[in-house]
Amino acid sequence: MKKAEILKLLRESGDYLSGQELCSRFGVSRTAVWKIINQLKDEGYEIEAVQNKGYRLQSSPDLLEEGEIASRLGTGRMGNNLICLPSTGSTNVDAKKAAEEGAAEGTLVVTDCQEAGRGRRGRAWSSPAGCNIYFTLLLRPPCRPEQACMLTLVMALAVAKAVRELGLDAGIKWPNDIVLSGKKVCGILTEMSAETDYIHYVVIGTGINVNQEEFPEEIGKTATSLKREKGEGVARATLLASIIGHFERAYEVFSASWDLRSLLPAYQELLLNKDRPVRVLDPGGEFQGTARGINESGELLVEREDGTLEAVYAGEVSVRGIYGYV
Ligand code: BTN
């Protein structure tokens, strides 16, 4: 995509690039370059054009749009096939459809707004336009279905790392909520199409409250956004590219063993439940204990009051903090 390539070059140069240089780099005419520059300006990019010097990028709008994302992605396979939609029902549904039609591993569906955003346990995910990130990554891991369940923790780790790089003290509420100041900023919904021992595909859907300022009353007590915590807005495409980069690296590590052994120290460090009292809502019986960390399979280790250690599997139970949300 020429637009993304020109944008990338302008951004990386940080200086003037002559029209001639852009023409020869991309093998297009001066008129074609001029048209792309105008298109970018129409989208809200501030590009200075000076005679005998060329073009210089001054600022970019906060858009979740193909050129803006593609020009910032430094990944290999992840995000290589980018599907950007101004609005949609749910990016998880779109990614599953793309998967059924044969889309490759790494396909990334991104949108600015969801009309039917889906959360875990059949809940809805509030997805207003113009402020947040909603994306789904498609994977085709050659592992067993129970191993793929850990991918949701791998994504949580990637998001937490990217958010921490913004200077925010993000932690993880097991298995995959990203939390700031005791409130949720990100949720992850992983879905899979598999047979008993063979995975067709996995989609990891992630919603991040980035620049949202107001929240509906029903979620206001437990939800926050990066902007609310940081006191200033965050560029969404930059953050998304950073998350996909962190995920690609973590996925490579994870896929060497198809368990969390090598990612365990990083995850434990960010795990907010550690050494906190938790109530485990197990269908087989509710119990209380103290969370002690996770194991290599991503299960939460809960110490019961009698001192025994129980490994709790995310797919079966829900864990609540006894004092507040975490
Ligand atoms: C949760 O309940 O915590 C999980 C929320 C997951 C929301 C994301 S937004 C992008 C993707 N598309 C969806 O419909 N849901 C996920």
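Predicted model: local features only at pLDDT ≥ 70, side-chain atom pairs only at ≥ 80, totals over all residues.

1. The protein chain is divided into domain 1 (2–59), domain 2 (66–270) and domain 3 (277–321).

2. Have a look at how domain 1 and domain 2 sit relative to each other. Their C-alpha centres lie 32 Å apart, and five residues of domain 1 are in contact with six residues of domain 2.

3. Next, please turn to helix 1 (residues 2–13) and helix 3 (residues 30–42), whose axes come within 10 Å and cross at roughly 80°. Angles of 65 to 115 degrees count as roughly perpendicular, and helix 1 and helix 3 are therefore roughly perpendicular to each other.

4. Which residues meet where helix 1 and helix 3 touch? From helix 1 come Lys-2, Lys-3, Ile-6, Leu-7 and Leu-10, and they meet Ile-36, Ile-37, Gln-39 and Leu-40 of helix 3. By class, this contact has six nonpolar, one polar and two charged residues.

5. The largest pocket has a volume of about 850 Å³. Its lining comprises 41 residues, with Arg-120, Arg-123, Trp-125, Asp-177 and Lys-184 nearest the centre. Helix 5 (91–100), strand 5 (133–139), strand 8 (183–195), strand 9 (198–208) and strand 14 (318–321) are the elements that give two or more residues to this lining.

6. Sorted by class, the pocket lining has 15 nonpolar, 18 polar and eight charged residues.

Key:
Residues numbered from 1 in each chain as written. Heavy atoms only, no water. 1 Å grid on protein atoms, 1.4 Å probe; cavity = no way out; pocket = protein on both sides within 12 Å on 5 of 7 lines; lining within 4 Å. Points joined across faces, edges and corners; volume = space filled by probe spheres on them. Helix = DSSP H or I, 4+ residues; strand = E, 2+ residues; numbered from the N terminus. Nonpolar A, V, L, I, M, F, W, Y, C, P; charged D, E, K, R; others polar. Axes fitted to C-alpha atoms, helices over the stretch in contact; angles between N-to-C directions. Parallel < 35°, antiparallel > 145°, perpendicular 65-115°, else oblique. Contact = heavy atoms within 4.5 Å. Domains from an automatic or database assignment.
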